[in-house]
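The paragraphs below go through confidence, then one chain taken alone, then one contact between chains. Please keep the structure open while reading.

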Amino acid sequence: MRNSLVFRAIVRRELISAMRRNAEVINPLWFVLIVVTLFPIALGPEPQLLAKVAPGVFWVTAILSCLLSLERLFRDDFSDGSLEQMLMSSHSLVGIALAKVFAHWLLTGIPLLLISPLVAVLLSMEWQVYKACFLTLAIGTPVLSLIGAVGVALTVGLRKGGVLLSLLVLPLYIPILIFATSAIESAAFSLPYDGPLAIMAAILALCASLCPFAISAALRVSLN
Amino acid sequence: MHFDSFSDFLAMGGYAFYVWLAYGISAASLIVLIINSVVSRRQLFRSIATQNRRQQRQVNASAKES
Amino acid sequence: MWKWLHPWAKPEKSYALAGTLLPWFSWLALLAISVGSVWGLAYAPADYQQGDSFRIIYLHVPSAMLSMGGYLSMAIAALVGLVWQIRQADMYVAATAPVGAVFTFIALITGAAWGKPMWGAWWVWDARLTSELILLFLYLGVIGLYNAFSDKVMAGRAAGILSIVGVINLPIIHYSVEWWNTLHQGATISKFDKPSMDTSMLWPLLINIVGYGALLGAVSLYRFRTELIKRERQRPWVKAMVTAKVSGGV
């Protein structure tokens with residue numbers, strides 16, 4: 001089988017199994033909405049204040065919801081042994097890892113983008129701010145999936161990997177968080193923000209080319 | 001020598017608290033690190049020695065039985 | 001070159017090599033740190049702006065430099081271990097991570113103790129302090145991952161991969177934090193500027209950097225030896241050595 005076929009097969013398989021357990025797709029989104037609701041309650045509902053903290057709140061919430069869904073990226077396949085089968089197969093583990101990450105992004109990043117208008121309304125964002133927010137999320141969420149997958153691959157063999165996973169992955173998310181929030185902030189002052197967006201795109205390119213190798217190396221260690 | 005007297009040295013030009021706090025905490029954490037390294041090495045040696053003795057006893061016992 | 005290095009990849013040999021290097025590093029560390037610290041604390045002139053509080057620099061700058069350098073050396077060792085499958089490299093990763101973490105902690109504490117009289121606050125979100133803090137998190141991640149595995153061979157390799165991922169991220173984190181800091185200038189009043197230090201102030205600093213570097217090396221070597229014995233505890237040479245040592249008092 002050619003690599004592109006394997007890629008498509010794995011993505012399809014992930015999507016189908018996610019459809020069967022759709023709570024795993026919906027729960028992180030629900031989590032985003034609840035956490036976003038907590039902020040106006042905690043900080044007070046003044047629109048100016050909310051507009052000021054909105055980008056940070058949205059991005060931190062997105063990162064936390066990504067962490068929630070990360071664990072299932074390899075865990076099920078690890079426990080039922082299909083990951084080992086993939087390792088044994090003649091196809092490159094790098095391609096398989098990339099396919100799984102892509103499927104994860106389809107199941108977490110895209111839904112997050114779809115509910116982002118709702119979050120924008122809740123946090124009283126203006127149109128230009130929302131546009132920047134949407135663009136940074138579109139570029140940033142694949143990075144979250146890619147870096148997160150490295151952490152999952154490292155901790156998948158551990159019985160209590162959950163908290164450790166977030167401790168490993170969160171510091172690595174800081175650059176993308178910095179560039180995303182500053183792009184949104186520039187947009188709020190109607191300044192050009194293509195600089196930080198371009199840096200985010202560069203980070204995405206770097207992660208997309210390096211992370212699959214780290215993921216496959218980590219999976220080899222975990223499966224031993 | 002930059003300072004006139006020893007008490008002058010301890011006073012650190014009015015910054016005594018900060019300077020000695022920094023040096024004190026650093027020295028303490030380095031000492032804790034070194035003690036931890038030494039203790040874990042000794043514990044390891046002791047556990048290997050115990051294991052050696054146990055294995056030796058097992059060898060002796062099986063030699064007696066046969 | 002690899003042919004020349006290869007005999008040292010045998011556990012007994014590298015244990016013995018670490019044992020011969022250890023006293024050199026320890027004595028160098030003791031000598032350089034005592035000379036540098038006494039010189040810096042008592043003999044160097046005071047800074048004309050910061051007064052005597054600048055003497056924290058003799059601790060802060062070496063520990064900050066070595067926390068970064070320690071992480072770099074750990075990642076290089078991890079890469080060597082991954083590419084050439086040298087097990088000792090993974091042991092070095094495990095041995096040096098706690099030492100580097102302590103140096104990072106010292107850099108943070110001394111930075112805070114300096115910041116209080118200079119900035120009026122124990123903690124400011126200065127670019128350098130922030131990236132030190134993130135570096136501490138990276139170190140703690142490597143240590144946590146290593147301790148989470150019960151199989152230490154797996155643990156060493158996993159920690160190695162994580163430290164390589166971390167070292168690729170480190171420059172990105174560093175520059176992004178610096179960039180973030182220039183955006184939010186309000187928080188910082190001044191940086192740890194050290195424009196053209198006088199040589200009488202610079203010498204003790206250089207001596208201390210060498211000294212703390214030797215200390216980092218010495219403690220890492222010591223822990224490396226412990227780590228190696230832990231993994232090789234079933235081998236005859238380890239058993240023989242332990243029996244000889246314990247009967248003679250450790």
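This is a predicted model, and chain C has an average pLDDT of 83, with 88% of its residues scoring at least 70. Within chain C, confidence is highest in helix α5 (residues 127-148), at a mean of 90, and lowest in helix α1 (residues 2-5), at a mean of 60. Over residues 186-192 of chain C the pLDDT is below 50. Beyond near neighbours in sequence, that stretch has 8 contacts in the model. For the model, the scores are ipTM 0.86 and pTM 0.87.

Chain B can be taken next. Its secondary structure consists of 2 helices and 0 strands. The globule rule gives 11 Å for 66 residues, but the radius of gyration of chain B is 26 Å, well over that value, so chain B is more spread out than a compact globule. The C-alpha trace of chain B spans about 80 × 20 × 15 Å along its principal axes. Of the 66 residues in chain B, 17% are buried.

The remaining topic is where chain A meets chain C. Chain A contributes 20 residues to this contact and chain C contributes 23 residues. On the chain A side, α7 (127-155), α8 (162-169), α9 (174-188) and α10 (194-223) each supply at least two residues. Of the elements of chain A, α10 gives the most to this side, with 6 residues. What is the division into nonpolar, polar and charged residues on the side of chain A that touches chain C? There are 18 nonpolar residues, 2 polar residues and no charged residues on that side.

Technical notes: Residues are numbered from 1 along each chain as its sequence is written. Chains are lettered from A and ligands numbered from 1 in the order in which they are written. This is a predicted model: local features need pLDDT of at least 70, side-chain atom pairs count only at pLDDT 80 or more; totals for chains, interfaces and linings use all residues. Two residues are in contact if their C-beta atoms, placed from the backbone, lie within 7 Å. Helices (H or I, at least four residues) and strands (E, at least two) are DSSP runs, numbered from the N terminus. Ala, Val, Leu, Ile, Met, Phe, Trp, Tyr, Cys and Pro count as nonpolar, Asp, Glu, Lys and Arg as charged, and the others, Gly among them, as polar. pLDDT is the predictor's confidence in each residue, from 0 to 100. The radius of gyration is taken over C-alpha atoms; the globule rule is 2.2 Å times the number of residues to the power 0.38. A residue is buried if 20 or more other C-beta atoms lie within 10 Å of its own, exposed if 12 or fewer, and partly exposed in between; C-beta atoms are placed from the backbone.
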